[in-house]
Amino acid sequence: MARTDRPVRARRRGTAPRTCLASATAALLFTLAGCTANDGAGTAAKRPSPKPAPVWRTDPGSVAALGDSITVGFDACSALADCPEVSWATGTDPTVDSVARRLVKNPATDSWNYARTGALMSDLPGQVAQATARRPALVTVLIGANDACRSSVGAMTPAADFRAGFETSMKELRRALPHTQVYVAAVPDLLRLWSEGRKNPLGKQVWKLGICGSMLHDPDDLTKAAADRRATVRERVMAYNSALADVCRKDALCRFDQSVFDYRFTGEQLSTWDWFHPGTRGQRELAALAFRAITREEPRR
């Protein structure tokens, strides 16, 4: 009995380790298979590190200005003439103290003005193409008054077309200059322009020559129809500004400045040649507003 039982017990003792070893081996292989299932290379997949958000610099080294007659100082120095030396954006006149004078070390060589009198939003892409060749650190944009200041309300640029024009301009700028900062000034309040400028009898006579007919036609007409017309123009300007703000908000290196619309200017800031464009004092106020917006410190996102 003893000799018969020993082989049986021996086989049972040998069977248990082989079973445990097989189970452990299978478990190990299963675990390894689970680990390598994360990717095809047999190693755990790594998530790419997020790119740091662009940071707005308050000390850009060069400036290119885009826009219309306001930015080239039209009627600020003499009648029916541009006066870029008093431009709020790139002017050299110390009494204005332009954005370029305040921010750029060598404004004579590192600031450029591509704004044009009479420019509409549809002209902005062409100005962008000119500016990108200079590769400026900062681009300023002030445009839209001419889109609202037409011969009549019906001739104003539709808000959708205005938005599309600005979107196209920003895409073109970003394609060429992904790291350039963009300061966008709101279109000024044309209703306030009417209410302030009409206080000057000479100004009203100049307006009769056809300046901004949609808003300034017959400035002493206080009927409901005239008030409704002016309100329609103001609403269109506000729609333009909403479009500028919306498009700019989608770009981390774009700042929209509503203060230009909100600013409570008076006749003292208007040109004494047409009581429509900013005079030298008005240019100085625009420069101050822009400088505050450009140099405002904001928490990083």
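**Buried residues and disulfides in a predicted model**

In this predicted model, the largest nonpolar core has 71 residues, and among them Trp88, Tyr183 and Leu190 touch the most other members. Helix α10 (residues 224-249) gives the largest share of this core, seven residues.

Visitor: What makes a set of residues a nonpolar core?

Guide: The members must be buried residues of nonpolar kinds, such as Leu, Trp and Tyr, joined through side-chain atoms within 4.5 Å. In soluble globular proteins, nonpolar side chains tend to be buried together.

Visitor: Which residues does Leu190 touch, not counting residues up to four places away in sequence?

Guide: Leu190 touches Ala145, Ala148, Cys149, Cys212, Met215, Val233 and Val237. Two of these, Cys149 and Cys212, are joined to each other by a disulfide.

Visitor: How do you know that Cys149 and Cys212 form a disulfide?

Guide: The cut-off is 2.5 Å between the sulfur atoms. For Cys149 and Cys212 the S to S distance is 2.0 Å, so the pair counts as a disulfide. The link is left-handed, with -75 degrees about the S-S bond. The pair links distant parts of the chain, 63 residues apart. Cys149 is in the loop between α5 (145-148) and α6 (159-176), and Cys212 is in the loop between α8 (201-207) and α9 (213-216).

Visitor: Why are Cys149 and Cys212 called buried?

Guide: Buried means under 20% relative accessible area. Cys149 has 12%, so Cys149 is buried. Cys212 has 5%, so Cys212 is buried too.

Visitor: How many disulfides are there by this rule?

Guide: The count comes to three. One of them joins Cys77 to Cys83, with an S to S distance of 1.9 Å. Another joins Cys248 to Cys254, also at 1.9 Å. With bonded cysteines counted along the chain, the pattern is 1-2, 3-4, 5-6.

Visitor: What makes Cys248 and Cys254 buried?

Guide: The 20% cut-off again. Cys248 has 2% relative accessible area, so Cys248 is buried. Cys254 has 9% and therefore counts as buried. Their link is left-handed, with -110 degrees about the S-S bond.

Visitor: How do you know that the buried residues of α4 line one face of the helix?

Guide: In helix α4 (residues 124-132), the buried residues are Leu124, Gln127, Val128, Ala131 and Thr132. Seen down the axis of α4, they fall within an arc of 135 degrees, so they line one face. An α-helix has 3.6 residues a turn, so residues three or four places apart point the same way.

Visitor: What do the buried residues of α4 pack against?

Guide: They pack against β1, β3 (138-142) and α6.

Visitor: Is Ser69 buried or exposed?

Guide: Ser69 has a relative accessible area of 5%, so Ser69 is buried. Ser69 is found in the loop between β1 (63-67) and α2 (99-103).

Visitor: Which residues is Ser69 in contact with, leaving aside its neighbours within four places in sequence?

Guide: Ser69 is in contact with Phe74, Arg116, Thr117, Gly118 and His277.

Notes. Residues are numbered from 1 along each chain as its sequence is written. This is a predicted model: local features need pLDDT of at least 70, side-chain atom pairs count only at pLDDT 80 or more; totals for chains, interfaces and linings use all residues. Side-chain values use heavy atoms; hydrogens and water are left out. Helices (H or I, at least four residues) and strands (E, at least two) are DSSP runs, numbered from the N terminus. Buried means under 20% relative accessible area, exposed over 50%, partly exposed in between (1.4 Å probe, protein chains only). Contact means heavy atoms within 4.5 Å. The arc is that of the directions from the helix axis to the C-beta atoms.
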